[in-house]
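Let's take a walk through this fold together. Have your viewer ready and follow along.

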Amino acid sequence: MRVAAAGDNCIDVYAGQGRSYPGGNAVNVAVYLRRLGVDSSYVGAVGDDAHGDLLRRALEGKGVDTSHLRVSPGSTALTQIEVVDGNRVFGEHDEGVMADFRLTADDLDFLCGHDLVVSGIWGHTAGDLAALKARGATIAFDYSDQPQDPVVDASLGDVDYAFFGLEADDGEELREFVRRAQARGPVCVVATLGARGSIAYDGREFTVVGPVPGEVVDTMGAGDSYIAGFLTGVLDGRPLAECMARGAASSAVTLTYPGAW
């Protein structure tokens with residue numbers, strides 16, 4: 001099975017610690033899928049600078065297919081990060097060359113050659129989901145913590161597996177949001193709730209799975225690794241609860257070290 005991740009990348013700069021790590025939603029999912037034994041590709045753009053070279057080499061070192069990683073004149077995206085009590089806090093973000101990234105016809109052909117395509121709200125790919133869906137692609141999309149973003153309403157009908165990262169309690173308001181989102185078209189909508197676990201709705205019933213207990217060093221990449229674990233269950237045809245449990249287990253690993261990967 002092959003999964004293509006398309007969209008954002010960045011270098012996460014932990015200035016207070018004097019360290020930097022490759023990251024970005026789509027990049028992270030591609031790397032975590034490889035960690036879980038799935039062949040993965042990454043489609044995106046980096047600058048022709050040292051950070052771009054670092055990110056490309058890091059992906060190749062993890063075994064991710066970078067044949068459609070574009071190198072553009074300019075700077076690679078940078079995000080300033082602080083860690084407060086184990087939780088990553090985003091600071092200033094410079095998109096660099098990713099600001100002008102758009103999928104090409106060749107990229108679309110490449111993506112459609114995979115069993116599943118995964119992207120997210122920051123990746124400049126939402127406008128291409130309908131074209132991918134029309135060609136038979138199975139699509140997973142991460143809406144992050146932006147449930148009110150116009151992209152949600154514009155794209156849900158073209159998404160098979162929709163993910164939201166919400167700091168909320170499992171209550172009727174949350175369930176009504178998830179229920180309405182699933183009615184827009186996805187096979188399943190998942191809301192990850194941090195230390196509260198995750199909840200999913202498939203049009204028939206809600207499924208709730210708790211987190212895997214463990215040490216929390218840095219929450220960077222936790223949601224992305226949940227998505228990767230969940231998608232391994234989808235690829236294996238496993239029940240929803242098992243997909244969610246795989247997501248929780250994958251996330252628990254990522255929480256134990258600094259940086260996304």
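What follows goes from the sheet to the helices and then to some aromatic rings.

Keep in mind that this is a predicted model. Start with the open sheet, which has nine strands in the order β5-β4-β1-β8-β9-β10-β11-β12-β13 and mixed pairing. Its edges are β5 (65-72) and β13 (206-209), each of which pairs on one side only. Going from one strand to the next, the twist averages 15 degrees.

Now look at the two ends of that order. At one of them, β4 (residues 39-47) runs parallel to β5, and the two share six bridges; here valine 46 sits opposite valine 71 of β5. At the other end, β12 and β13 pair in the antiparallel sense, with four bridges, and serine 198 faces valine 209 in β13. These two strands make a hairpin with four residues between them.

The crossing is right-handed. On the α7 side, the contact includes Tyr226, Gly229, Phe230 and Gly233, while α8 brings in residues including Leu240, Met244, Gly247 and Ser251. What is the make-up of this contact in nonpolar, polar and charged residues? It divides into eight nonpolar, eight polar and one charged.

Finally, turn to the aromatic rings, which form eight pairs. Tyrosine 143 and phenylalanine 164 have ring centres 5.0 Å apart and planes at 15 degrees, so this pair counts as stacked. Tyrosine 143 lies in the loop between β9 and α5 (150-155), whereas phenylalanine 164 belongs to strand β10, so the pair links distant parts of the chain, 21 residues apart. Tyrosine 143 is at 0% relative accessibility and therefore counts as buried; phenylalanine 164, with a relative accessible area of 1%, is buried too.

Phenylalanine 164 has another ring partner, phenylalanine 177: the centres are again 5.0 Å apart, but the planes stand at 80 degrees, so this pair is edge-to-face. Phenylalanine 177 sits in helix α6 (residues 172-183), 13 residues from phenylalanine 164, and both are buried. Put together with Phe141, the residues Tyr143, Phe164 and Phe177 form one aromatic cluster.

Notes. Residues numbered from 1 in each chain as written. Predicted model: local features only at pLDDT ≥ 70, side-chain atom pairs only at ≥ 80, totals over all residues. Heavy atoms only, no water. Left-handed = near helix turned anticlockwise from the far one by under 90°. Contact = heavy atoms within 4.5 Å. Nonpolar A, V, L, I, M, F, W, Y, C, P; charged D, E, K, R; others polar. Pairing = 2+ DSSP bridges. Axes fitted to C-alpha atoms, helices over the stretch in contact; angles between N-to-C directions. Phe/Tyr/Trp six-rings, centres within 6.5 Å; stacked < 30°, edge-to-face > 60°. Buried < 20%, exposed > 50% of the residue type's maximum accessible area, 1.4 Å probe, protein only.
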